[in-house]
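Subject: Structure for your files, with notes

Hello,

Here is the structure we talked about handing over. My notes come after it.

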Amino acid sequence: MKGYFQVVKLPLDLRAYRSIGLVCLALGLSACHQQTSIEDAHKPLLSANETTDSLPTDAVQVDAAVLLAEPSAEALAKPFAEHGLPRSITSLAVPTQQPGRFISYVPNGSRVAAETPVSTFSIDVDTASYATLRQHINLGLLPQRNSIRVEELVNYFNYNYPLPNINDAPFSLHTELAPSPYNQEATLLRIGVQGYKLMPEQIKARNLVFLIDVSGSMSSADKLPLLKQALMLLSSGLNAQDKISIVVYADGVRQVLDGVNGNAVQQIQQGLNSLEAGGGTNGGKGLALAYELAQKHFIEHGVNQVLLATDGDFNLGMSNHTELVNYVVQQRQSGVGLTTLGFGLGAATAQFNDGLLAQLAAKANGQYAYIDTLNEARKVLHDQLSQTLDIIAADVKIQIEFNPAIVAEYRLIGYESRQLHRQDFTNDKVDAAEIGAGQSVTALYELRYNQSTQLMNPPLRYKTTEVGKQPGALSQRQQFDSDEIAFLSLRYKPFHGGLLAASKSQLISQAILASSEHKHLQQASDDFRFAAAVAGFGQLVNHNHYVHNIDYDKLINLAAGAMANDPFGYRHEFLQLMRTTQLLVAQGTPQHGGFYDDADQRQYLQKAADGTYPMPKPITHGEQ
């Protein structure tokens, strides 16, 4: 054992909960193993009467096997209890983000319409969560619980929403109601937002800077080689008016191309072919040079964007997450956005940070996509390039007010990381999502009406017998039309030529009527039923405990009957993905959260101990 697993000392600046977790795991390991050599190597660090406050700074020692484990909440709590530590410590929650893993989101619960009639969120069209889920399943793995952003699964697919009249507004709104497949006596509301498309002559010149991670962990086939092919696909859609720059980073930073014309295919290909993987990850310095080149070749009234492609986290240079976010926000204000592209699911030397890539793109007028195959690269960077780069509206927010006279409860499915306060809707200083040309956004709510016998929330003890008598409990809008179950509003700022066309937001709104509801789910459109199947799948994979009436068989049948027009085969691929997931679940495949490739884990642990590869700082709730 000693020949394979090394004992390493970790600095105690990794946050208190991590130290506690490692200590308790080491205790559990020493308590379970009876071999004399292991007992000698791992003396119990705490007695029944000791606490972590009494430990010296160099006392925390763990076996490498502990760091590579994926402990459950029960496993974390067990060693504390066995060693007599206080119950208050054993009830600590598992951290929401582990190094090299994905953020676990708390799923939205049911809200009582009479108490909180208004729901507000930023609409978003990132699709990375679907691609990372697909990569997990294709590797025979199940993703970490509650790490899948369900709205990104739903918005991965195209839906047949009518295009808006560009002279009226950049968006059209659509709603559809039908019985929910997730729970009895519940209704599913689908909200669709469709942006207008640009004609070829309307597309502005593009100034793109590729910021490419060429650190040692990028050498595998699904990383740098795939990245090169992906960027060649992107460049094939550019022309002479566009500008391309390439910056690469590892231990240091190197400028490969400096503003060549977009149609200089041979020069771009030579630059990409010259890239080789090796070294650390000085992403912060690379980011600074990329923005410098973007400003050097800035195109007025054009698209100015940095495209960051990486398989991991920044661990040299500017590596503090808050510092990184503030930096890209500052650059966004100068007219340069940031799109993030993830490759691979991490390595021992470069831990993939899904949460950071999503956050950077969200704060920098960009999008976050994950590239797991060449087909995905073609979809994101060629077929839908205009959707990715050509923004038509910024700070897009949705607010829906439910009528408590009809709706008893509602639950927003997904969008956990994009929730806004009610007052944020009219506050034009609050940042929200951007929408690209031709993009559509879909959101789903599950509703329960007042006559339902399956309400999630018990009635209050102190309430008036007549609905609406309690001051402020009901919306005035119910007086206008008793058929209105909700009132939908959308705010946006027009965006033209790479910059905001107006600082004041504009409003689109419409009523949602109960009379429009389909009596049976099969009467709903193919798009409605397919979106319901996708959202249901995401909730099952996340182990969402607000769904009670679905399983994989039901969802597979629902999706299979809603294929509609599927020219690229994405819906059929999803059907196969569900069937594979069902088999993985049936055979008891554990949910994964560790390293994802064959990099030398022991070498990483030693370098982590030396400080060469510091463990990434978790994103706190405030930073999310």
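Predicted model: local features only at pLDDT ≥ 70, side-chain atom pairs only at ≥ 80, totals over all residues.

Residues are numbered from 1 along each chain as its sequence is written, and side-chain values use heavy atoms, with hydrogens and water left out.

Overall make-up

The protein has 18 helices and 19 strands, taken as DSSP runs numbered from the N terminus (helices: H or I, at least four residues; strands: E, at least two). Of its 624 residues, 57% are buried; buried means under 20% relative accessible area, exposed over 50%, and partly exposed in between, with a 1.4 Å probe and protein chains only. Among contacts (heavy atoms within 4.5 Å) with a separation of 6 or more, 81% join residues 24 or more positions apart.

Nonpolar cores

A nonpolar core is a set of buried Ala, Val, Leu, Ile, Met, Phe, Trp, Tyr and Cys residues joined through side-chain atoms within 4.5 Å. The largest one holds 44 residues, and those touching the most other members are Phe-157, Tyr-182, Phe-530, Phe-537, Ala-559, Phe-574 and Met-578. Two or more residues each come from helices H6 (128–138), H7 (150–154), H15 (526–541), H16 (552–560) and H17 (570–586). H15 gives the largest share, 10 residues.

Leaving aside residues up to four places away in sequence, Phe-530 touches Phe-157, Tyr-159, Ala-559, Ala-562, Met-563, Arg-571 and Phe-574. There is also a second, separate core of 37 residues, with Ile-123, Ile-191, Val-396 and Ile-398 among them.

Largest cavity

The whole structure contains 6 cavities of 30 Å³ or more. A cavity is a set of points, on a 1 Å grid over the protein atoms alone, where a 1.4 Å probe fits but cannot get out; lining residues have an atom within 4 Å of a point. Grid points are joined across faces, edges and corners, and a volume is the space filled by probe spheres set on the points.

The largest cavity has about 110 Å³ of space. Its lining has 16 residues, and Pro-107, Val-150, Glu-416, Asn-542 and Asn-544 lie nearest its centre. Strand S14 (407–413) and H15 each supply at least two lining residues, with S14 giving the most, 3 residues. By type, the lining has 6 nonpolar, 7 polar and 3 charged residues; Ala, Val, Leu, Ile, Met, Phe, Trp, Tyr, Cys and Pro count as nonpolar, Asp, Glu, Lys and Arg as charged, and the others, Gly among them, as polar.

Tyr-415 sits in the loop between S14 and strand S15 (433–436). Its phi is near 60°, a positive value in a residue other than glycine, and Tyr-415 counts as buried because its relative accessibility is 0%.

His-301, in the loop between helix H10 (283–296) and S10, is also not a glycine and has a positive phi of about 60°. His-301 is exposed, because its relative accessible area is 54%.

Asp-311 lies in the loop between strand S10 (303–310) and helix H11 (321–332), and is buried because its relative accessibility is 0%. Asp-311 and Gln-351 are 40 residues apart in sequence, with their C-alpha atoms 7.4 Å apart in space.

Regards

Conventions. 1 Å grid on protein atoms, 1.4 Å probe; cavity = no way out; pocket = protein on both sides within 12 Å on 5 of 7 lines; lining within 4 Å.
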